[in-house]
Amino acid sequence: MDRQTAIENLLELYENPEHRGEMADADISVNGGNPGCGDTIRIHVKVGDGGEVEQIRFEGQGCTISQAAAELVAARMEGSSLDDIENLDHEVIIDELGREVVMSRPRCATLALGTLKQAVKEYKDARRS
C-alpha cells in the first residue's frame, strides 16, 4: 500500500467508524491508554455461546492513528474466536494500517489490539474462576 492510500484509509477509519460507541450488555469492558501521548480507549466485547466474538465496540479519544486502529481492530476481529484475537500479531495491524505511515507511532497503532487482547485474557480468567 502506498503512503497516500494508507493516509486515506486511516482518515476513512477515523472519520467514519462503524464500531464506535457504548455497549450496555458487554461481557467484558477494558480500558487502555498511552500515558505519554494521551490516547485512551475502552473496548467492549460481547461473546457468543460458542466462544466467538459477536460484537466489539470502542470508545476513546486520541490521535487519528489510535482511533483508526481501534476501528480496524473492531471490524477485523468481530466474528473471530477468542483464540484468534490472542494469536493476532501486532505486526498484522501495523501492515494493514500502512507501515510507512504508522511506524512513527507504533504504540498508537497497537493500543486497540493490546487492549482487546487484555479483554480476552480477563474474560477467560473470569470464566476459569
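Tutor: Start with contact: it means heavy atoms within 4.5 Å. Take glutamine 55, which touches Met23, His44, Val45, Lys46 and Glu78, not counting residues up to four places away in sequence.

Student: What kind of model is this, and how are residues numbered?

Tutor: This is a predicted model: local features need pLDDT of at least 70, side-chain atom pairs count only at pLDDT 80 or more, and totals for chains, interfaces and linings use all residues. Residues are numbered from 1 along each chain as its sequence is written, and side-chain values use heavy atoms, with hydrogens and water left out.

Student: Where is glutamine 55 placed?

Tutor: Helices (H or I, at least four residues) and strands (E, at least two) are DSSP runs, numbered from the N terminus. Glutamine 55 sits in strand β3, residues 53-61.

Student: Is glutamine 55 exposed, partly exposed or buried?

Tutor: Buried means under 20% relative accessible area, exposed means over 50%, and partly exposed is in between (1.4 Å probe, protein chains only). Glutamine 55 has 26%, so it is partly exposed. Compare proline 35, in the loop between β1 (28-34) and β2 (39-47). Proline 35 has a relative accessible area of 74%, so it is exposed.

Student: How many helices and strands does the protein chain have?

Tutor: The protein chain has six helices and three strands. Along the sequence, the pattern is α-β-β-β-α-α-α-α-α.

Student: What does the radius of gyration say about the protein chain?

Tutor: The radius is taken over C-alpha atoms, and the globule rule is 2.2 Å times the number of residues to the power 0.38. For 129 residues, a compact globule would have a value near 14 Å; the protein chain has 14 Å, which agrees. Its C-alpha atoms fill a box of roughly 45 × 25 × 25 Å, taken along the principal axes.

Student: Which residues account for 62% of the contacts with a separation of 6 or more?

Tutor: Residues 24 or more positions apart do, in the protein chain. Threonine 115 is a case to look at. Threonine 115 lies in helix α6. With 5% relative accessibility, threonine 115 counts as buried. Not counting residues up to four places away in sequence, threonine 115 touches Val30, Asn31, Gly32, Ile41 and Ile43.

Student: How do I read a helix such as α4? Which of its residues are buried?

Tutor: Helix α4 covers residues 90-97, and Ile93, Ile94 and Leu97 are buried there. They cover an arc of only 100° around the axis, which puts them on the same side of α4. That arc is the one made by the directions from the helix axis to the C-beta atoms.

Student: What do the buried residues of α4 pack against?

Tutor: They pack against α1 (3-15), α2 (64-77), α5 (99-102) and α6 (106-128).

Student: What is found at the start of α4, and what just after it?

Tutor: At the start, a side-chain oxygen of aspartate 89 comes to within 2.7 Å of the backbone nitrogen of glutamate 91. Just after α4, glycine 98 has a positive phi of about 110°.

Student: What is a nonpolar core, and which residues touch the most other members here?

Tutor: A nonpolar core is a set of buried Ala, Val, Leu, Ile, Met, Phe, Trp, Tyr and Cys residues joined through side-chain atoms within 4.5 Å. The largest one has 38 residues, and Val45, Leu97, Val102 and Leu116 touch the most other members. Helix α6 gives the largest share of this core, nine residues. Valine 102 touches Leu10, Ile65, Ile94, Leu97 and Ala109, not counting residues up to four places away in sequence.

Student: How many disulfides does the structure hold?

Tutor: A disulfide is a covalent bond between the sulfur atoms of two cysteines. The cut-off is a pair of cysteine sulfur atoms within 2.5 Å. This structure holds zero disulfides.

How values were computed: Polar contact = N/O pair within 3.5 Å; in protein donor to acceptor, adjacent residues only side chain to side chain.
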